[in-house]
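Subject: Structure handover

Hello,

Here is the structure I promised to pass on. Please open it first, then read the notes below.

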Amino acid sequence: MRLGHDWVSYLEAGPRDGPPVLLLHGLLSDATTWELALPALASHGLRVIALDLPGHGDSAKPRGTYLLDDFAIALDRVLPLLGMESATVVGHSFGGAITVHFGYHYPHRVQRQVLVSAGGLGREVNVGLRLLTVDGAEAVVGAVLDRRIIRRLLGSQRLHRAAGLTEDRLVNLRRIFRSLADPPARSAFFASARGVIEPSGQRGSFHEMEYLVEHLPTMLVWSSQDSVIPVAHARDTHLRLPQSRLVVFPGGGHEPHRRNAQPFADAVASFVYADDPDVPGGADIVS
């Protein structure tokens, strides 16, 4: 799909006349993070679009800024091109921060929001991401990243077994490598990351900015032992938004939509159809 002079890539599933759902991935990721949830969501009759955000995946990586404003402007232009005037927007991690920012500035585009292990709800974030925003980090990563060595490591079954790497973990490592090995993608990642993270933590909280509004239906989805963004952010946000839904899956991992793809899809579908009297609702999962 063309967006001006640039190409935007996406995955699609479900009936074209189904309730529209837009999926936004996080940093060091792309639309394939939703590959397990996509068919599960579509099975509920939803029309699901998983975008490669500008600068990520197979989408164009133009030079310039990658601030939340830039992503919100792009989404405002993308939705009509997809035949969607508005949608339920589901954002994971960095994509969650984009979702809140987009919903606040373009309320006519967002019917409801699902924040999955989302950024922007507190200051705390994994130290590894904080270190990547230190001055000089981009140059260091570019200097040490040898594609041949990394590909050999990622392709060695013996090393995988020795390190105890699961197939799902390998999928994530390959996705991260793809985001950092290509210079334009690497530049886009660092520009995106520095827009929301600094060495001391996340740059701010949407609570402080009063971006989270009670009138926008909100669901929060997390893992109880998320090591990237703590589940405390979800619980605190749920208290601040009494009408919100909170779904916390037991266990670790920063991608509950992958580890719990079917129950995740069931919860999202229940949320989307909540106002439809002909569709039975589902109970939230709270640990």
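**The sheet**

Strand β7 (residues 110–116) pairs with β10 in the parallel sense, over four bridges. Strands here are DSSP runs of E with at least two residues, helices are runs of H or I with at least four, and both are numbered from the N terminus. Two strands pair if DSSP finds at least two bridges between them. Glutamine 113 has threonine 218 in β10 as its bridge partner.

Before going on, note that this is a predicted model: local features need pLDDT of at least 70, side-chain atom pairs count only at pLDDT 80 or more, and totals for chains, interfaces and linings use all residues. Residues are numbered from 1 along each chain as its sequence is written, and side-chain values use heavy atoms, with hydrogens and water left out.

The β7–β10 pair belongs to an open sheet of seven strands. The order is β3-β5-β4-β6-β7-β10-β11, and the pairing is mixed. β3 (10–13) and β11 stand at the edges with a single partner strand each, so one side of each has no neighbour in the sheet. From one strand to the next, the twist averages 15°. Helix α2 (residues 68–81) packs on the sheet and touches β4 (20–24), β5 (47–51) and β6 (87–92). The direction of α2 makes about 145° with that of β4. Axes are lines fitted to C-alpha atoms, for helices over the stretch in contact, and angles run from 0 to 180 degrees between N-to-C directions. Contact means heavy atoms within 4.5 Å.

**The chain as a whole**

The chain has 13 helices and 11 strands. Of its 287 residues, 53% count as buried. Buried means under 20% relative accessible area, exposed over 50%, and partly exposed in between (1.4 Å probe, protein chains only). Take the contacts between residues at least 6 apart in sequence: 78% of them join residues at least 24 apart.

**Aromatic pairs**

A search of the whole structure finds seven aromatic pairs. Rings of Phe, Tyr and Trp (its six-membered ring) pair if their centres lie within 6.5 Å; planes under 30 degrees apart count as stacked, over 60 as edge-to-face and the rest as tilted. The rings of tyrosine 104 and tyrosine 211 have centres 4.1 Å apart and planes at 5°, so this pair is stacked. Tyrosine 104 lies in helix α3 (residues 94–105) and tyrosine 211 in the loop between α10 (206–209) and β10 (218–225), so the pair ties together parts 107 residues apart in sequence. Phenylalanine 206 and tyrosine 211 are also stacked, because their ring centres are 5.3 Å apart and their planes at 10°. Both phenylalanine 206 and tyrosine 211 are buried. Tyrosine 104 is partly exposed, at 36% relative accessibility. Elsewhere, Tyr66, Phe71 and Phe94 form one aromatic cluster.

**Helix α11**

In α11 (residues 232–240), His233, Ala234 and Thr237 are buried. Down the helix axis, the buried residues fall within an arc of 95°, so they line one face of α11. That arc is taken from the directions from the helix axis to the C-beta atoms. Their cover includes β9 (201–202), α10, β10 and β11 (245–252).

**Two positive phi values**

Leucine 28 has a positive phi of about 55°, although it is not a glycine. Leucine 28 sits in the loop between β4 and α1 (37–42). It is buried, at 14% relative accessible area. Serine 93 also has a positive phi, near 55°. Serine 93 is in the loop between β6 and α3, and is buried at 10% relative accessibility.

Best wishes
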